[in-house]
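Here is a short note for a colleague who is opening this structure for the first time. Please keep the view at hand while going through the points.

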Amino acid sequence: MTYRLMLVFFLLSFFSIHAQTTKSISELKEITFSELISELTNDKDSIFSLKNAIVKFDKEKDERYSLYEYRFKGKKYPSDTIQIHKTINFENVHFDNHLNAYNYAFINFRFHKPIILTNTNDAIFFNCQFKNSFTYQNSNTTKNNISNRLSLSKSTFNSKVFIVDYSENNDLILTIENSTFNYFGTQDYSNIVRPLLTINVANPLYFSFISNNINYNNETFNFQAMDSKEIYFVKNKIKSNVWNYLFINNTEKLSFIDNTIESNLLFGIDKMKVEYEMQWPITTHKIIPVNYVFSNQENIGNTINKTLDSLYIHSRVTDESYYKNELTLLSKFHSYFKEFHDRHSANDVYIKIKHLETERLEHLYEEDKSFTNYFEMIVNRFLERFSDYGTSPSKIVISSFNIILLFAFLFLFSTNSWNKINITRFNKGIEQSINYFTSDANIIKAFKIDENKILQNANTKAALVANRKHVPKVFSFFSLFFINTQTKLIETKLSFWNYLNVVKNSWHELSSYKRVVYSFLIGVLILGYLLIKVLSILFNALTLSINSFTTLGFGEIPIKGIGRYLAIIEGFIGWIFLTLFSVTLISQILS
């Protein structure tokens with residue numbers, strides 16, 4: 001039996017059982033609230049029944065039960081708890097809350113036995129505990145000018161809760177706030193049709209389910225609201241290990257935000273309006289479109305958890321009907337968030353849509369191993385891996401950087417002209433070092449540091465002075481200024497090298513202490529040179545990789561052998577990634 005069949009069963013049962021219970025106000029007997037409480041607490045019967053009655057309130061006698069006194073007069077809530085140890089059965093009972101502003105309520109009650117409210121209006125429960133089941137059923141079909149309200153606030157429910165209202169008065173006000181729903185029984189409700197928590201309402205004027213805590217294990221809950229004026233489903237914490245049901249249909253105003261739902265959901269919503277406030281994700285777990293369950297009830301059979309788990313795992317991509325139903329549900333959320341420019345939520349929904357599409361393509365490829373199916377599947381996998389289906393430019397940048405680093409590492413082992421060592425210069429440097437350590441030549445002469453530049457400057461300066469009268473004065477002035485400046489810079493440089501001239505005569509003439517110190521310093525210099533060389537090689541490889549990735553070459557690629565082909569491959573990959581980055585970035589800007 002599916003939820004649709006269950007809904008029909010509810011309607012038939014309510015209309016057949018309660019069609020004769022409605023009476024006009026003049027026919028209802030009156031009872032005061034204090035008398036009602038007295039009978040509930042003093043009567044020795046195990047069952048208390050009240051039928052066709054109106055409960056009146058007295059400001060003085062019923063002051064303890066007036067929410068007005070506590071909320072607006074600053075009076076402290078009563079500390080005593082009233083224990084009720086009998087089954088309560090109200091049928092066609094109306095609390096007179098709609099005629100006054102005091103809102104009398106059951107405050108600080110503990111009900112140990114079941115409570116059954118049938119066609120009962122304006123019942124308010126505040127800070128109560130329900131150790132046994134709570135049932136509220138309303139199926140009035142005639143106008144009786146009686147307010148239709150049920151309020152449950154700051155209460156704890158430890159057993160089954162069944163709230164169903166299919167009346168046609170369009171005036172139901174249902175408020176459930178700051179309450180906790182637990183279950184400490186031994187019965188497993190996970191595989192039966194009727195859930196542990198059921199709230200089904202049709203034509204409500206106002207339905208508020210705010211800041212409640214549902215904490216079940218192997219039990220289910222069922223929320224259904226149809227043809228509503230206003231629904232507020234906000235700041236609830238819901239946890240359950242099994243599939244649960246949540247369906248909202250034809251609501252004028254809806255606020256569905258700030259909920260934490262840790263449960264698999266049969267979820268349905270007919271349309272998304274601009275007046276709605278919606279969150280994403282609806283749940284952190286699995287979602288099955290409830291419309292699919294309704295339209296395929298003959299194939300699904302009993303909607304128990306094992307059936308639904310199997311459906312979600314095996315049928316969501318193999319069954320085209322399910323696939324389209326889930327796409328339809330997700331597309332509603334995607335269009336809604338795009339309309340409100342909530343790019344983050346829209347992207348999350350879009351990613352979920354593309355995940356589903358990829359799984360569908362994988363299934364189609366298993367069915368038909370054609371190139372078209374294979375190519376579409378590979379493209380989707382590629383987009384998922386490197387860009388979250390075109391929603392994350394930053395992910396493309398990170399992937400591109402990783403590819404550049406990978407090819408830079410490969411280029412380290414490829415021959416390229418940038419890292420070629422000048423053997424002639426290297427050998428000459430060794431010979432000059434041997435000459436410096438074995439002779440009395442200073443460091444400037446041994447390494448021939450700018451040895452001819454000062455002499456050349458002196459000769460040029462002498463020629464300018466000798467021909468000063470034969471050349472323009474401005475030319476002579478600036479030429480002498482340039483030569484003098486260059487000479488000073490060279491002299492400063494040579495002074496620095498003279499400062500480093502630690503070996504005055506030859507290496508073997510130095511003391512042992514100086515040789516140890518100078519050996520250490522020379523070792524540091526050699527390591528520094530090697531480090532600079534290594535960094536230069538690494539930088540060259542990185543530069544080569546960046547250039548290959550972004551522009552594919554320099555005209556003539558400065559590498560040989562296999563490195564040349566690696567550069568071409570990287571260039572092709574870079575072309576794909578840069579194109580993808582441009583399209584993704586533009587898409588995110590436009591959205």
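1. **The core.** A nonpolar core is a set of buried Ala, Val, Leu, Ile, Met, Phe, Trp, Tyr and Cys residues joined through side-chain atoms within 4.5 Å. Buried here means under 20% relative accessible area. In this predicted model, the largest such core has 76 residues. Leu36, Phe106, Phe125, Phe134 and Met278 have the most contacts inside it. In soluble globular proteins, nonpolar side chains tend to be buried together.

2. **Around Leu36.** What does Leu36 touch, not counting residues up to four places away in sequence? The list is Ile31, Phe48, Leu50, Val55, Phe90, Phe95 and Phe106. Phe106 is also among the core residues with the most contacts inside the core.

3. **Overall make-up.** The chain has 591 residues, and 45% of them count as buried. It contains 16 helices and 23 strands. Take the contacts with a separation of 6 or more: 65% of them join residues 24 or more positions apart.

4. **Confidence.** The chain has a mean pLDDT of 81, and 84% of its residues reach 70 or more. Where is confidence lowest, and where is it highest? Helix 1 (residues 3-18) is lowest, at a mean of 43. Strand 9 (residues 129-130) is highest, at 96. Across residues 1-22 the pLDDT is below 50, yet this stretch has 51 contacts in the model beyond near neighbours in sequence. Where pLDDT is low, the predicted coordinates should not be read in detail.

5. **Phe126.** This residue lies in strand 8 (residues 123-126). Phe126 has a relative accessible area of 5%, so it is buried.

6. **Aromatic pairs.** The structure holds 45 of them. In one, the rings of Tyr336 and Phe340 have centres 5.0 Å apart and planes at 50°, so the pair is tilted. Phe340, at 40% relative accessibility, counts as partly exposed.

7. **Charges over rings.** The charged end of Arg316 sits over the ring of Tyr312, at 4.3 Å from the ring centre. Arg360 places its charged end over the ring of Tyr323, at 5.2 Å from the centre.

8. **Helix 8.** Thr358 is in helix 8 (residues 343-367). At a relative accessible area of 3%, Thr358 is buried. Its contacts, leaving aside neighbours within four places in sequence, are Asn380, Arg381 and Tyr389. Asn347 is also found in helix 8. With 13% relative accessibility, Asn347 counts as buried. Leaving aside neighbours within four places, Asn347 is in contact with Thr391 and Gln588.

9. Neither is a glycine, but Asp388 has a positive phi of about 50° and Tyr389 has a positive phi of about 60°. Which of the two is buried, and which is partly exposed? Tyr389 is buried, with a relative accessible area of 4%. Asp388 is partly exposed, at 23%. Recall that Tyr389 is a contact of Thr358.

10. **A cis bond.** The peptide bond from Trp280 to Pro281 is cis, with omega near 0°. Pro281 is found in the loop between strand 22 (277-278) and strand 23 (287-289).

11. **Helix 15.** How far does helix 15 (residues 512-551) reach from its first C-alpha to its last? Its 40 residues reach 57 Å, close to the 58 Å expected at 1.5 Å a residue. Its buried residues are Tyr518, Asn540, Ala541, Leu544, Ser545, Asn547, Ser548 and Phe549. Helix 10 (393-411) and helix 16 (562-590) are included in what covers these buried residues.

Note on methods:
Residues numbered from 1 in each chain as written. Predicted model: local features only at pLDDT ≥ 70, side-chain atom pairs only at ≥ 80, totals over all residues. Heavy atoms only, no water. pLDDT = per-residue confidence, 0-100. Helix = DSSP H or I, 4+ residues; strand = E, 2+ residues; numbered from the N terminus. Contact = heavy atoms within 4.5 Å. Buried < 20%, exposed > 50% of the residue type's maximum accessible area, 1.4 Å probe, protein only. Phe/Tyr/Trp six-rings, centres within 6.5 Å; stacked < 30°, edge-to-face > 60°. Lys NZ or Arg CZ within 6 Å of the ring centre and 35° of its normal. Expected span 1.5 Å × (residues − 1).
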